Amino acid sequence: MPSTFTRTAGTPNPADRPPARLSPRQTLHNRLTSHAHRYTRISPTVLRICVGLIFCWFGVLKFFPRASAAEDFAVRAMTELTLGLIPAQISLCLLAVLETTIGLAFITGFLLRYALTAFFLHMTGVFLSLLLLPDDTWNTYGAVPTLEGQYVIKNIVLVAACLHITADELTPRPATSRT
């Protein structure tokens, strides 16, 4: 059936028009958007490795006497948490092993679910130090944390990161078909 539309001379065909030029801002946005989509897929892995590096670094420091700025505070917190049943040097060694192991598991992804469980248990103990050692973590005039308190409170960011890592780890992956 012939088309009822007839083109008159001088009517431009839309397909014959050159493509519209994007402004530099639009092209930058398009490029950034494609990178953002690519990064969204790998962000849990990047986050997991970064948290792992931090944990490994801080854990390894605890193996060397006086290398960690938080060493004394960590020992006092462990002494309180264990009711003094574990000697200070053993507490510090246990913390070093725990933090280094968590860090290595995050970096490699090996036994990640166990490492996440250990991480959240460890963070529970870390945050309990705010209550168990109030003289060390809070200034006497209100809700102003000491340097040790700030050291503990900044772990909120690590907890948020590990919640994202946990959500990614527990999210089922779609089955890929092999052809």
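How many residues line the largest pocket, and which of them lie nearest its centre? In this predicted model, the lining is made up of 28 residues, and those nearest the centre of the pocket are Leu-95, Glu-99, His-122, Met-123 and Val-126.

**The largest pocket**

- The space within the largest pocket amounts to about 460 Å³, and its lining comprises 20 nonpolar, five polar and three charged residues.
- At least two lining residues come from each of helix H1 (24-61), helix H2 (71-81), helix H3 (88-108), helix H4 (112-132), helix H6 (147-153) and helix H7 (155-170).
- H4 provides nine residues of the lining, which is the largest share.

**Packing of H2 against H4**

- The axes of H2 and H4 come within 10 Å and cross at roughly 85 degrees; because crossing angles of 65 to 115 degrees count as roughly perpendicular, this is how H2 and H4 are described relative to each other.
- On the H2 side the contact involves Phe-73, Ala-77, Glu-80 and Leu-81, which meet Gly-125, Leu-128, Ser-129 and Leu-132 of H4.
- Sorted by class, the residues in this contact of H2 with H4 are five nonpolar, two polar and one charged.

**Packing of H2 against H3**

- With their axes 9 Å apart, H2 and H3 pack at an angle of about 105 degrees, and H2 is therefore roughly perpendicular to H3.
- From H2, the residues Glu-71, Ala-74, Val-75 and Met-78 meet Ala-88, Ser-91, Leu-92 and Leu-95 of H3, and by class this contact of H2 with H3 has six nonpolar, one polar and one charged residues.

**Annotated transmembrane regions**

- According to an unreviewed UniProt entry, the annotation "transmembrane region" covers residues 45-64, 84-107 and 114-133.
- Residues 45-64 are 85% helix and 0% strand in the model, and the end C-alpha atoms of this span lie 29 Å apart.
- For residues 114-133, the chain is 95% helix and 0% strand, with the end C-alpha atoms 28 Å apart.

Key. Residues numbered from 1 in each chain as written. Predicted model: local features only at pLDDT ≥ 70, side-chain atom pairs only at ≥ 80, totals over all residues. Heavy atoms only, no water. 1 Å grid on protein atoms, 1.4 Å probe; cavity = no way out; pocket = protein on both sides within 12 Å on 5 of 7 lines; lining within 4 Å. Points joined across faces, edges and corners; volume = space filled by probe spheres on them. Helix = DSSP H or I, 4+ residues; strand = E, 2+ residues; numbered from the N terminus. Nonpolar A, V, L, I, M, F, W, Y, C, P; charged D, E, K, R; others polar. Axes fitted to C-alpha atoms, helices over the stretch in contact; angles between N-to-C directions. Parallel < 35°, antiparallel > 145°, perpendicular 65-115°, else oblique. Contact = heavy atoms within 4.5 Å. UniProt positions renumbered as here; feature names shortened; annotations may be inferred.
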